[in-house]
Amino acid sequence: MQRMACSFPDEVLEHVFSFVQCDNDRNAISTVCKSWYKIERWSRRRVFVGNCYAISPDMVIRRFPDVRSIELKGKPHFADFNLVPDGWGGYVAPWISAMAAAYPWLEEIRLKRMVITDENLELISKSFKNFKVLVLSSCEGFSTDGLAAIAANCRNLRELDLRESEVEDLSGHWLKHFPDDYTSLVSLNIACLGCEVSFSALERLVGRCPNLRTLRLNRAVPLDKLANLLRRAPQLVELGTGAYSSELRPDVFSNLSGAFSGCKELKSLSGFWDVVPGYLPAVYPICCRLTTLNLSYATIQSPDLIKLVGQCQNLQRLWVLDYIEDAGLDAVAASCKDLRELRVFPSDPYGPEPNVPLTEQGLVSISEGCSKLQSVLYFCRQMSNAALMTIARNRPNMTRFRLCIIEPGTPDYLTLQPLDVGFGAIVEHCKDLQRLSLSGLLTDLVFEYIGTYAKKLEMLSVAFAGESDLGLHHVLSGCEKLRKLEIRDCPFGDKALLANAAKLETMRSLWMSSCSVTFGACKLLGQKMPRLNVEVIDERGTPDSRPESCPIDKLYIYRTVAGSRFDMPGFVWTIDEDSAMRLS
Amino acid sequence: MQGVVGGGAGAVSGGGGSSTSDASMSTVSKEDNPVLSSEDSSSCLDESELELGLGLSLGVGVGACKAQQGPRGGQYARILTAKDFPYVGSSTSASVSSSSSSSSSSSSSSLSRANVTAGTKRSADSVAAANGASSQVVGWPPIRAYRMNSLVNQAKLPATEVFNSLIVKSRNSNPAVGKGTSNACVNANEKGQLRSSLFVKVNMDGIPIGRKVDLSSHRCYETLAQKLEDMFATSSGEEHDMMVDAITPSKLLDGSSGFVLTYEDKEGDWMLVGDVPWGMFINSVRRLRIMRASEANGLAPRLEESNGGQRNKPI
């Protein structure tokens, strides 16, 4: 083996390795022998850090000296639902500072659920001469001033994608900071911005960037300006409209319709805030080419939705509000035979009664009609074990199944039984299931099914379910591929957690909030498991001021080789080996 | 929705056979096999045994930790309240405190439906009863704030009208007008479909890290001020203990603590919190700031102008 390894010059091996992009494969390559490790680490260009606190920037830089693309994730997923208090962490600043020094040729930064400031953005714009891609997904902490710095200084920028980030809108003038000779924009997503951007600057920018393929506008861009934009960029592949409303005028309509017809490459549509149904037919000419349609902000009723979606025979991904109703989903099942992903969001999640006739039946229809369906996110108000079993049998190819029955603890509406066997059927039949979210009335039995069958499951979300620690134990001991587990409002306590302590090191993270874990168990875990950070998040003050048996509020455990973090706010407590020694 | 089941855990969890058996617990061998045997699906984690994976047991370290001051350093003395005593699996204090002042939406069926959450053994009954409809639970249904704000904004006009009419109704029907703020405790859930989350940023002078507070989980200024007290009392470090004492709800609202609660409205003006009816406040607030009283002096004249002679809050 040693001789074989030496028989190829490094350059040849490096060239071979360059065809291997997948992280797991490259990790495997690096373990073959020392020289392969060395070659691989020098040639690794792309690094993904699923938890920014699992490793320190210096450790990454030391191992991989010439990285061009980095992806970092910060806050736990439940931060999306405001369960993580503000100020918890996820600051990208230390990473940017370290990389500014170490990676002058960095081209791509992708962040998810992290805090990035205007200063960080400015540092990015000035430190990386060949900077090309900035994707900020669900990030916060910055304003349009930071965007202005990026626009002004990143001469080679290709992608600026602010996906659902929270941006402080100081002014729309930041767009003007793109220089007049800047023409390399490929993708711009500003859908999350609240304020009006300077429209003339936008038009000129779109007009001078011939490679622009993705343009997601914000709500403030009025419909009557859309046609002009489209005519300047007929090569667009992905478009997000602004507000889709205007006085119904035939000239505006025909202008818009003509502009859409001119976009022969358009495959993805989104936006559609404030929809005036009369303008929907303007997109009919391109419906047959659409593969992705996001109508999840479109408050239009089922008949209009059916007319639109009925023409999208090539649709692969559909996001829609529950206004579509069961009838609309029947129509989708009949027309969209290529559908891979469906997300149905609730139009009135806080109302006590259903406001639209959308039930489990819609999902059953889709499972029957759409043989390629793999990914589902479905909000509804009633479900039955029978429906779940039907869906499971129809679609064993399902890989992501997230069901949210809006009222916690809702049983099977036909039998009044828990939904254990229904979800059990899902995990039993869908052998490649990677992601699962549970809801409804559930006992420990559903967890037994999950532990028994869901061998490929990587992410599980649980809320208001289970009866005892046995439930949690089933999952932790049975789900071999589990990486992320998030739990809220379940009666899981210390026993299962401590019994499966070693399992936690094989996972990225565990979140438990409003459960029955005590501070004593957390301290124990923190002391005994040096490669886990056990964070107790409690806004009621130090957990020591309460009885030991009092459950903690929130718990976030993640594996790390970087030790305790330094940026914990006042409401986060951890115990590590050092402080344990100090105590005694 | 049909099929509401009232009552507690026992009635509902009949299906879970394995969980209610009393089979003996499987013991664990140490270090190398930290996982309890999962083949025996009817095994149960016996309550009385604490033989655990990796030899971990709850007995270790607990006594030693009692003396701990806490990794935060300084001591944080706190009067224990009902929320500090053992209760299992409740949602956050914010939702509990706000729910006590308003019953859930009118239908009683939603309340008993909420009791179905007690398909678990824990005392979720009390929590569910206190919380009522799911709109009171933080972060549920799991919809991203971004999406909720979009939906809410699209429905904004009708909601505003409902709010305003509710405010007017309650003012007219309540002759015993005490302090202006108490009058604003309107049960805005009569209509059922109002607010979702309305998170606004809160900054306090002297504390670098801002927070966010969900205004829609409050119905009046008192609970909001209480929440802010909790929030900034725990997140501040030792050197801010002074501020901790200063912040109590009434002191925040009437400014006698040395701090005043202010907000930035839709027009970008900074106003004192508490002068306008709650509904109006909700509709125009963009963010909050707990300001040092010394800096708040400039607010008074503006307030007089914009309110045209309304009662002026002393600073």
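In the predicted model described here, A:Tyr53, A:Phe78, A:Phe81, A:Trp88, A:Trp511, A:Tyr556 and A:Tyr558 form one aromatic cluster, where rings of Phe, Tyr and Trp (its six-membered ring) are taken to pair if their centres lie within 6.5 Å, with planes under 30 degrees apart counted as stacked, over 60 as edge-to-face and the rest as tilted. Residues are numbered from 1 along each chain as its sequence is written, while chains are lettered from A and ligands numbered from 1 in the order in which they are written. Because the model is predicted, local features need pLDDT of at least 70 and side-chain atom pairs count only at pLDDT 80 or more, whereas totals for chains, interfaces and linings use all residues; side-chain values use heavy atoms, with hydrogens and water left out.

Over all chains, the structure holds 24 aromatic pairs. In one of them, the ring centres of A:Trp88 and A:Tyr556 lie 5.6 Å apart with the planes at 70°, so this pair is edge-to-face. A:Trp88 belongs to the loop between strand 2 (69–73) and helix 6 (93–102) of chain A, and A:Tyr556 to strand 22 (residues 554–559) of chain A, so the pair ties together parts that are 468 residues apart in sequence; helices (H or I, at least four residues) and strands (E, at least two) are DSSP runs numbered from the N terminus. A:Trp88 has a relative accessible area of 1% and is therefore buried, the term buried meaning under 20% relative accessible area, exposed over 50% and partly exposed in between (1.4 Å probe, protein chains only). A:Tyr556, at 3% relative accessibility, likewise counts as buried. A:Tyr556 also forms an aromatic pair with A:Tyr558, and this pair is tilted, at 5.2 Å centre to centre and 45° between the planes. Both A:Tyr556 and A:Tyr558 are buried.

Further positions in chain A were examined individually. A:Ser513 is found in strand 20 (residues 509–513) of chain A and is buried, because its relative accessible area is 2%. Leaving aside residues up to four places away in sequence, A:Ser513 touches A:Leu83, A:Ile487, A:Arg488, A:Asp489, A:Asp553 and A:Lys554, contact meaning heavy atoms within 4.5 Å. A:Ser513 and A:Pro234, by comparison, are 279 residues apart in sequence and 49 Å apart in space, C-alpha to C-alpha.

A:Leu329 lies in helix 13 (residues 325–335) of chain A and counts as buried, with a relative accessibility of 0%. Not counting residues up to four places away in sequence, the residues that A:Leu329 touches are A:Ile324, A:Leu342, A:Val344, A:Leu358, A:Gly362, A:Leu363, A:Ile366 and A:Tyr378. From A:Leu329 to A:Arg219, a separation of 110 residues in sequence, the C-alpha to C-alpha distance is 27 Å. A:Ser257, in helix 11 (residues 250–261) of chain A, also counts as buried, at 16% relative accessibility, and touches A:Ala282 and A:Pro285 when residues up to four places away in sequence are not counted.

Within helix 7 (residues 118–127) of chain A, the residues A:Asn120, A:Leu121, A:Ile124, A:Ser125 and A:Ser127 are buried. The cover over the buried residues of helix 7 of chain A includes helix 6, strand 3 (108–112), strand 4 (133–137), strand 5 (140–143) and helix 8 (144–153) of chain A.

As a whole, chain A contains 22 helices and 23 strands. The radius of gyration of chain A is 26 Å, close to the 25 Å that the globule rule gives for 584 residues, so chain A is as compact as a globular protein of that length; the radius is taken over C-alpha atoms, and the rule is 2.2 Å times the number of residues to the power 0.38. The C-alpha trace of chain A spans about 80 × 65 × 55 Å along its principal axes. Of the 584 residues in chain A, 64% are buried, and among contacts in chain A between residues at least 6 apart in sequence, 71% join residues at least 24 apart. Chain A exposes about 20,400 Å², of which carbon and sulfur atoms supply 51%, accessible areas coming from the Shrake-Rupley method with a 1.4 Å probe and, for residues, only the protein chains shown counting as cover.

Chain B has 14 helices and five strands, and 49% of its 315 residues count as buried. Among the contacts in chain B with a separation of 6 or more, 58% are accounted for by residues 24 or more positions apart. Chain B exposes about 14,600 Å², with carbon and sulfur atoms supplying 53% of it.
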